[in-house]
Amino acid sequence: MTFGFVFFDRLALSFLFPFMTAELHLTNAQLGMVSSALALTWALSGAAAGAWSDARGTRKPLLITAVIGFSVFSALSGLVAGFFSLIVFRALMGVAEGPVLPLAQSLMVESSTPSRRGFNMGLLQGCAAGLLGAMIGPLVGIGIATAHGWREAFYVSCIPGFLIAFCIWRTNAAGVPDASAAPTVSRWALLKQRNILLCMLISCFFLTWFVVIISFSPTYLVTGRHFSAADMGLVMTCLGAAWVFGGFAVPAISDRVGRKPTMVVFALIAAAYPVAMIHMQSAWALGAVVFATCTGLGCFTLFMATIPAETVPPNAMAGALGLIMGAGELIGGFLAPTVAGFAADQYGLSVAMWTSVGGAIVACLLSMGPVETTPAVIRRRKSAGAAPLALGVQQAGGR
């Protein structure tokens with residue numbers, strides 16, 4: 001629920017931007033810059049918070065603080081008077097949101113049986129974010145903006161976060177590894193791990209695919225394709241439905257057949273989404289294609305959480321997840337939308353869609369590189385007489 005409402009707040013700007021442009025006189029380049037500012041602070045705070053959490057052996061207090069913080073700054077986005085105040089509030093929201101994923105996924109790993117690790121982490125990162133952020137989010141946000149105004153939509157967005165923070169406070173989180181029980185793993189040692197380095201590169205390009213389409217798709221559909229706000233909401237809701245479905249289906253498939261082949265196939269499928277945005281004419285047909293292609297969002301759990309968690313020891317888990325998320329946000333979240341926004345102002349919004357295509361294809365090629373970590377696949381290799389793979393985390397046991 002926590003990570004789902006992170007994306008409920010993060011994606012609100014994309015869905016509400018078409019309503020804001022006339023009043024605030026914003027351009028596509030400024031939309032890209034606002035998305036980039038949030039991604040930059042998200043990346044820096046996520047990497048720092050993950051390392052701090054591993055060193056101190058604590059998760060829950062930091063998670064509660066982060067939830068309250070991003071809820072407040074999301075609501076303050078409704079008070080903006082122009083581009084400068086908007087970019088400040090969204091950047092501050094990124095500071096608060098950055099720690100949530102590495103902390104939440106670390107808690108999930110510590111509570112999961114190895115055979116269900118991919119599925120459980122997919123529920124967290126894929127299903128929750130897709131359901132609350134991309135499926136329910138556009139319906140609620142666009143509905144409130146149409147009936148009452150875009151500022152009111154931002155104000156309402158903070159309420160779920162406060163409720164979630166209260167629930168976390170009342171709940172006993174899973175225990176975390178004692179920071180003194182094992183030597184601290186340096187960031188340089190993590191970068192020497194083949195899987196970590198490749199997952200960082202995959203994150204850069206897959207987030208280019210995702211952040212560009214999620215930032216520009218609503219505006220492209222309304223201003224470039226001349227879809228109504230209702231039709232735009234329908235298409236984006238189909239994206240959310242695909243995110244929910246892929247969020248548990250893709251990691252579950254990877255638990256059976258392996259992380260690597262699953263990522264390669266679904267990353268290639270994801271590349272078809274921006275192409276459909278350019279060429280499909282009917283909102284219903286486009287929605288169907290979006291649902292089919294955006295199942296690739298399920299890959300995010302694999303390279304950003306599951307593979308790293310199965311590669312490094314528990315006392316380095318949050319730090320590794322923070323590094324991978326931070327690298328992706330810096331390149332795919334910070335640099336890519338800014339470049340795409342300036343290019344869109346010069347050559348049209350279709351350029352942003354083709355930028356997204358390129359990101360997915362490169363991510364597909366990079367996905368052929370990681371060492372397989374799936375427990376079931378490793379067991380089959382051992383039974384076949386193949387040499388076991390050396391991983392930083394134990395494969396036996398579990399909860």
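Among contacts in the protein with a separation of 6 or more, what share comes from residues 24 or more positions apart? In this predicted model, such residues account for 86% of those contacts. The protein has 19 helices and zero strands. Buried residues make up 59% of its 399 residues. The protein exposes about 14800 Å², and carbon and sulfur atoms supply 71% of that area.

In soluble globular proteins, nonpolar side chains tend to be buried together. Here, the largest nonpolar core has 112 residues, and Phe206, Trp209, Leu239 and Phe303 are those with the most contacts inside it. Helix α11 (residues 194-224) provides the largest share of this core, with 16 residues. A second, separate core has six residues, including Val109, Met121, Ala305 and Ala309.

Residues up to four places away in sequence aside, Trp209 touches Ala270, Ala271, Tyr273, Pro274, Leu297, Phe300, Ser356, Gly359 and Ala360. Trp209 also belongs to one aromatic cluster, together with Phe206, Phe210, Trp243, Phe300 and Phe303.

Two members of that cluster, Phe300 and Phe303, are also buried residues of helix α16. This helix (residues 299-309) is mostly covered, as 11 of its 11 residues are buried. What provides the cover? The elements over the buried residues of α16 include α6 (100-111), α7 (117-147), α11, α12 (229-257), α13 (259-270) and α17.

Is Leu13 buried or exposed? Its relative accessible area is 4%, under the 20% cut-off, so Leu13 is buried. Apart from neighbours within four places in sequence, the contacts of Leu13 are Met20, Leu31, Val34, Leu86, Arg90 and Phe154. Leu13 and Ile214 are 201 residues apart in sequence, yet their C-alpha atoms are 9.9 Å apart in space.

An α-helix has 3.6 residues a turn, so residues three or four places apart point the same way. Trp150 counts as buried at 5% relative accessibility, and Phe154 counts as buried at 0%.

Phe245 and Phe291 make another pair: their ring centres are 6.0 Å apart and their planes are at 35°, so the pair is tilted. Because Phe245 lies in helix α12 and Phe291 in helix α15 (residues 283-293), the pair ties together parts that are 46 residues apart in sequence. Phe245 is partly exposed at 40% relative accessibility, and Phe291 is partly exposed at 33%.

Phe334 is found in helix α17 and is partly exposed, with a relative accessible area of 33%.

Methods:
Residues are numbered from 1 along each chain as its sequence is written. This is a predicted model: local features need pLDDT of at least 70, side-chain atom pairs count only at pLDDT 80 or more; totals for chains, interfaces and linings use all residues. Side-chain values use heavy atoms; hydrogens and water are left out. Helices (H or I, at least four residues) and strands (E, at least two) are DSSP runs, numbered from the N terminus. Buried means under 20% relative accessible area, exposed over 50%, partly exposed in between (1.4 Å probe, protein chains only). A nonpolar core is a set of buried Ala, Val, Leu, Ile, Met, Phe, Trp, Tyr and Cys residues joined through side-chain atoms within 4.5 Å. Contact means heavy atoms within 4.5 Å. Accessible areas come from the Shrake-Rupley method with a 1.4 Å probe; for residues, only the protein chains shown count as cover. Rings of Phe, Tyr and Trp (its six-membered ring) pair if their centres lie within 6.5 Å; planes under 30 degrees apart count as stacked, over 60 as edge-to-face and the rest as tilted.
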